[in-house]
Amino acid sequence: MICCTNAFSQNDALANEYYKNGDFEKALLEYKKLYAQSPSNINYISQIVSTHQQLEQYDASETFLLKLLERLNYPAFFVELGYNYQLKNDLQNATNYYNQALSSIDTNVNNVFSIARSFQSHSLLSETIAAYEKAMVLKPDLNFQLQLAQIYGEQGNIEKMFTSYIDFAKSNQAALSIIKRSINDFISENSTNENNVLLRKILLKNLQQDQDLIWNDLLSWLFIQQKEFGKAFIQEKAIFNRQPESLNRIEELAQIALSENENDIAKEILSYIIDTAQDTDTLLNAHYNLLQLETEISSKSNFQTINNQYLELFKKFGTYAQTLNLQIAYGHFLAFYMNETDKAIVFLEKTLELPLTELEKAEVKLELGDILVLQENFNKALIYYTQIQRNLKNSTISQEARFKVAKASYYKGDFKWAESQLKILKASTSQLIANDALDLKLLISDYKYEDSLQTALKLYSKSDLLAFQNRNDEAISLLEKILQEHKTEPIVAQALFKQAQLFEIKQEFTKAEANYTALIDNYSDGILIDNAYFALAELYENHLNQPEKAKALYEKIIFNHQDSIYFVEARKKYRALRGDAIN
């Protein structure tokens, strides 16, 4: 029996191979052998019919199908007969058989499954729609809205497609995420896009007729795709007011707004969470995110106010394990913004005395190490980083600590040791750490042999340290020294790029543009060219209001740098600027 099964399977594969290669006569012979052994196998029947048609043997195909109908009650064969007549340009007979197939649904509604599938296999979309619609009228429990939506999409009937997807979602809310992904192929980030306007009207009309929360959910999702986070927030509040069990959705919206640098609405959402939250963890997380945002957007004159906010929170919630994230953030704020590094170290060393897990201790030590690097107290920083590696071997935070060891060694000019650590990290389980490690290793290995004293590389690593210390003006000046005194060395490209990034931080966008342009003009064959294209495109799009220039640069990445890490994002942004739907 096993031998027979294997032979049967081999014959099937052989027939399919002949068909795929266009050797239809041999395929037909093999399919007929298979059919003789299994005369009710629909797949073999379909392949025999299709192979006859490929050979333009329409009469043979018709005779075969008519004999089958005498033996098998399978109304989908009416579709096949109709299609066979259509191939002969006999549309009258084709229509007659299509109608017979559709009429068979009246007799047995379950015939719709094979009939619709057969229609669709021949791209007879109008007939497929008619089959599904007839079946739903006869048996309202059947729901083919998802299939209909996909067909309407193929036809380009966007309004009916949206309506069908939404009708399906209403009765199958578990499938809402699938529906969103399907609809997403037909809308864009542009709220004035015709499809976006149409979808919004359909959703608002449904919301007016029916207060089901699914309409608020879909409207919120649409507004998020359009980056209209304020409108999405209105919908999320409406959902929360009806279902006040959790603020998770509103927390997610806050995170999306933060990631998109929509700071005003992010601040509004976080403030709402603080006013509304009942559980301490949600409240603390919102306070943490709000303080991080305020720190990022505030000038030095507001730092004391932020400092007082941290102290008020510690007074209210205490300095326990539950407020650990806030304590680490406060240590970072004291060191990197208030320039009170000693005070930050004392504060975090006291945090280490709390009853913390090894992972929580590692998070504190990682921040302490960074503050010690800020002080250029490299040896003590290395102690903390090494403790993390020893206590949490092979963990992500251990790999992060190893990277910081390499970075500290790089900062102080010990390139050999830094390189040895970075070689290990290239295989990190964290893709982000692995990429950062590879970038730093390439920087060191590419430029350390340019001169025996490694003068330019030491200047560059020093400027990198100054940037880490938020001493951006000094870093820019040091990079300028490299540009002026080491003009013939390859590290100039790296210096131009780093300096441009610092100009962006200082919001000196015209200077950043000049640097990126110089890099593109003079180092087009270098490893930083796609970085420069993408950074300059972002600059044009987000700060210099020159979308056409941005689009041209994204296009360069798409056509000339398909292996770039920016390829996917560049394609998305290019299509958005061109006004395409997002795929």
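Mentor: Start with the second largest pocket: its lining holds seven nonpolar, eight polar and two charged residues. Here Ala, Val, Leu, Ile, Met, Phe, Trp, Tyr, Cys and Pro count as nonpolar, Asp, Glu, Lys and Arg as charged, and the others, including Gly, as polar. The model is predicted, so local features need pLDDT of at least 70 and side-chain atom pairs pLDDT 80 or more, while totals for chains, interfaces and linings use all residues. Residues are numbered from 1 along each chain as its sequence is written, and side-chain values use heavy atoms, without hydrogens or water.

How is such a space found? A probe the size of a water molecule, rolled over the atoms, shows where empty space is left. On a 1 Å grid over the protein atoms alone, a pocket is an open set of points with protein on both sides within 12 Å along at least five of seven lines. A cavity is a set of points where a 1.4 Å probe fits but cannot get out. Lining residues have an atom within 4 Å of a point. Points are joined across faces, edges and corners, and a volume is the space filled by probe spheres set on them.

The second largest pocket has a volume of about 250 Å³. Its lining counts 17 residues, and Ile-42, Ser-46, Glu-80, Ser-118 and Ser-121 lie nearest its centre. Two or more lining residues come from each of helix H3 (42-54), helix H5 (76-87) and helix H7 (112-121). H3 gives the most, with seven residues. Helices are DSSP runs (H or I, at least four residues), as are strands (E, at least two), numbered from the N terminus.

The structure holds one cavity of 30 Å³ or more. The largest cavity has a volume of about 40 Å³. Glu-251, Ala-254, Gln-255, Leu-270, Ile-273, Thr-282, Asn-285, Ala-286 and Asn-289 line it. Helix H15 (248-259), helix H16 (263-276) and helix H17 (280-297) are the elements that give two or more residues to that lining. H17 gives the most, with four. By class, the lining has four nonpolar, four polar and one charged residues.

H15 also packs against another helix. Helix H14 (residues 229-242) meets H15 at an angle of about 170 degrees, with axes 10 Å apart (axes are lines fitted to C-alpha atoms, for helices over the stretch in contact; angles run from 0 to 180 degrees between N-to-C directions). H14 is therefore roughly antiparallel to H15 (over 145 degrees; under 35 is roughly parallel, 65 to 115 roughly perpendicular, the rest oblique). Phe-229, Ala-232, Phe-233, Glu-236, Lys-237, Ile-239 and Phe-240 of H14 touch Arg-249, Ile-250, Leu-253, Ile-256 and Ala-257 of H15; contact means heavy atoms within 4.5 Å. That contact has nine nonpolar, no polar and three charged residues.

One more pair. Helix H6 (residues 91-107) and helix H8 (residues 125-138) pack at about 15 degrees, with axes 9 Å apart. They are therefore roughly parallel. Their crossing is right-handed (the near helix is turned clockwise from the far one by less than a right angle; anticlockwise is left-handed). H6 brings Tyr-98, Leu-102, Ile-105 and Asp-106, and H8 brings Glu-127, Ala-130, Ala-131, Lys-134, Ala-135 and Leu-138. Seven of these residues are nonpolar, none polar and three charged.
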